[in-house]
Amino acid sequence: MEERKFCQSCGMPLDKPEDAGTEAGGSPSGDYCRYCYRKGAFTAPEATMDDMIAFNLKFNAENGYPFGPQEEAEKQMRSWFPTLKRWKNP
């Protein structure tokens, strides 16, 4: 069974080819989604990890809580996001 891939910026599942962002030359990104990464650059380069968590919590509330209750969703994001490539400490 193949391991599921997630955007290394926002955590979105990269289940379909069209979910992938693009590198500078137009090839699909192996790490980032189409919302976070286009043409080899982040779409919101100034965004912080806290900004991304806040964005995902807003999405969660607006879409019927697919990530669970806000408090639990935030707790999970705060433990998982620091492991994503974009947010790992150098």
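Helix α1 covers residues 49-62, and at 1.5 Å a residue its 14 residues should span 20 Å, which agrees with the 20 Å between its end C-alpha atoms. The expected span is 1.5 Å times one less than the number of residues. The model is predicted: local features need pLDDT of at least 70, side-chain atom pairs count only at pLDDT 80 or more, and totals for chains, interfaces and linings use all residues. Residues are numbered from 1 along each chain as its sequence is written, and side-chain values use heavy atoms, with hydrogens and water left out. Helices (H or I, at least four residues) and strands (E, at least two) are DSSP runs, numbered from the N terminus.

**Helix α1**

- Met49, Met52, Ile53, Asn56, Leu57 and Asn60 are the buried residues of α1; buried means under 20% relative accessible area and exposed over 50% (1.4 Å probe, protein chains only).
- Viewed down the axis of α1, these buried residues fall within an arc of 135 degrees, so they line one face of the helix; the arc is that of the directions from the helix axis to the C-beta atoms.
- The buried residues of α1 pack against α2 (70-80), where contact means heavy atoms within 4.5 Å.
- Exposed Phe55, Lys58 and Glu62 sit on the face of α1 turned away from its buried side.
- Gly64, with a positive phi near 80 degrees, follows α1.

**Ser29**

- Ser29 belongs to strand β2 (residues 28-33) and is buried, with a relative accessible area of 5%.
- Leaving aside residues up to four places away in sequence, Ser29 touches Ala20, Gly21, Thr22, Glu23 and Tyr37.
- A polar atom of the Ser29 side chain lies 3.1 Å from the backbone nitrogen of Asp31.

Methods
Polar contact = N/O pair within 3.5 Å; in protein donor to acceptor, adjacent residues only side chain to side chain.
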